[in-house]
Amino acid sequence: MDEDEDQPTTTPDWRDALAAAVGFFTVLPVRAPAVALGRVAWAFPVIGAGVGLAAGLAFALARGLGLGAMAAGVVAVIVTVTLTGALHEDGLADTADGLGVRGGREARLAALRASGIGAFGVLALILVTLGRVAALAQIGAGAEALGALIAAGALSRAALAPLMHAVPAARGDGLSAAAGAPSAEMALVAIAVGTGIAWLAVGLLATLAGLVFGGMVLFGVALLARRLFGGQTGDVLGAAQQLVEFAVLLVVAALA
């Protein structure tokens with residue numbers, strides 16, 4: 001049976017779409033409707049931009065209170081993790097542990113579901129988190145960091161839609177299978193929304209560069225997911241979000 005067969009064919013209205021995305025991507029207490037996430041993928045970058053906005057305001061406030069750029073970057077990351085419940089960071093750690101497992105596809109998928117965290121997961125979390133903080137520190141100024149965090153939040157969540165569309169779920173149960181695959185049109189709308197938000201936040205050049213380098217990272221994640229896991233999972237999607245966000249922040253830092 002097709003995984004979307006039991007889902008309604010109509011697209012939820014914008015309020016239900018936003019509520020479903022907020023309920024999934026954040027810990028905010030909203031009443032999320034029973035909506036397949038794949039059908040509301042256009043809302044992913046909107047929620048990502050909102051998370052980035054909160055983190056950027058925290059960065060700017062920290063700088064205004066006299067903290068250095070590195071300390072302000074730590075504050076911004078703490079706000080992001082708090083708002084999202086470390087959803088994507090957990091996926092990054094689990095995916096890294098899965099990549100480090102010797103054995104076939106089933107052994108790697110079992111590692112994704114393991115409750116503990118291994119050395120590969122710890123290293124991935126440390127390196128990517130430090131990289132995000134360092135990129136924000138290089139950007140330095142509160143207004144520029146605010147724009148960078150909004151753009152990175154939007155583009156990295158938008159990137160999940162084409163990954164979900166192009167790479168099938170690795171197993172029939174779990175988060176990714178339940179979410180369903182967005183249509184090609186929905187994936188394009190998600191990218192367009194994310195691109196528009198990023199353009200407003202950091203300008204055309206940084207947005208185009210972010211799309212290029214973020215797209216390269218996303219392509220690499222898709223290849224690894226197909227080859228090593230047999231498809232994507234919720235953890236792989238979380239890892240993709242973290243890596244694309246990191247790539248976009250690096251691009252903006254390099255152009256700052």
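Is R15 exposed or buried? R15 is exposed, with a relative accessible area of 53%; exposed stands for over 50% relative accessible area, buried for under 20%, and partly exposed for the range in between (1.4 Å probe, protein chains only).

The model is predicted: local features need pLDDT of at least 70, side-chain atom pairs count only at pLDDT 80 or more, and totals for chains, interfaces and linings use all residues. Residues are numbered from 1 along each chain as its sequence is written, and side-chain values use heavy atoms, with hydrogens and water left out.

**Salt bridges**

A search of the whole structure finds 4 salt bridges, a salt bridge being a side-chain nitrogen of Lys or Arg within 4 Å of a carboxyl oxygen of Asp or Glu.

| Pair | Closest N to O distance |
|---|---|
| D13 and R15 | 3.5 Å |
| E245 and R132 | 3.2 Å |

E89 in helix α4 and R132 in helix α6 are 43 residues apart, and their pairing links distant parts of the chain. Helices here are DSSP runs (H or I, at least four residues), numbered from the N terminus. Both E89 and R132 are buried. The pair of E245 in helix α12 and R132 in helix α6 also links distant parts of the chain, at 113 residues apart. E245 is buried, as is R132. Through shared partners, salt bridges join E89, R132, R157 and E245 into one network.

**D13 and its surroundings**

D13, the partner of R15, is placed in the segment before α1 (14-25). D13 counts as partly exposed because its relative accessible area is 32%. The D13 side chain also reaches the backbone nitrogen of R15 at 3.1 Å. This is a polar contact, meaning a pair of N or O atoms within 3.5 Å; within protein, one must be able to donate a hydrogen and the other to accept it, and residues adjacent in sequence count only if both atoms are side-chain atoms. V40 is 27 residues from D13 along the chain, and their C-alpha atoms are separated by 8.9 Å.

**Nonpolar cores**

The largest nonpolar core has 54 residues. Such a core is a set of buried Ala, Val, Leu, Ile, Met, Phe, Trp, Tyr and Cys residues joined through side-chain atoms within 4.5 Å. The residues with the most contacts inside the largest core are F44, L136, I139, L160, L163 and L249. Helix α12 (residues 234-255) gives the most to this core, with 8 residues. A second, separate core has 6 residues, among them L92, A96, A124 and V128.

Contact means heavy atoms within 4.5 Å. Not counting residues up to four places away in sequence, L249 touches R132, A135, L136, I139, A148, L149 and A152.

D235 is found in helix α12 and counts as buried, at 13% relative accessibility. Leaving aside neighbours within four places in sequence, D235 is in contact with D90, G91, L92, D94, T95 and L112.

H88 lies in helix α4 (residues 87-99). With a relative accessible area of 3%, H88 is buried. Beyond residues up to four places away in sequence, H88 touches F25, R157, G238, A239, Q241 and Q242.

T84 is found in helix α3 and is buried, with a relative accessible area of 5%. Apart from neighbours within four places in sequence, T84 is in contact with F25, T26, V27, V51, E89 and R157. A polar atom of the T84 side chain lies 2.9 Å from the backbone oxygen of T80. T84 and G153 are 69 residues apart in sequence, and their C-alpha atoms are 12 Å apart in space.

**Loop and surface**

A86 sits in the loop between α3 (69-84) and α4. Although A86 is not a glycine, it has a positive phi of about 55°. A86 is partly exposed, at 22% relative accessible area.

On the surface, I117, V122, I126 and L130 form a nonpolar patch with about 340 Å² of accessible area together. Patches are made of residues with over 30% relative accessible area and no salt bridge; nonpolar side chains (Val, Leu, Ile, Met, Phe, Trp, Tyr) are joined within 5 Å, and like charges within 9 Å. Accessible areas come from the Shrake-Rupley method with a 1.4 Å probe; for residues, only the protein chains shown count as cover. V122 is found in helix α6 (residues 119-139) and is partly exposed, with a relative accessible area of 35%.

Notes
Helix = DSSP H or I, 4+ residues; strand = E, 2+ residues; numbered from the N terminus.
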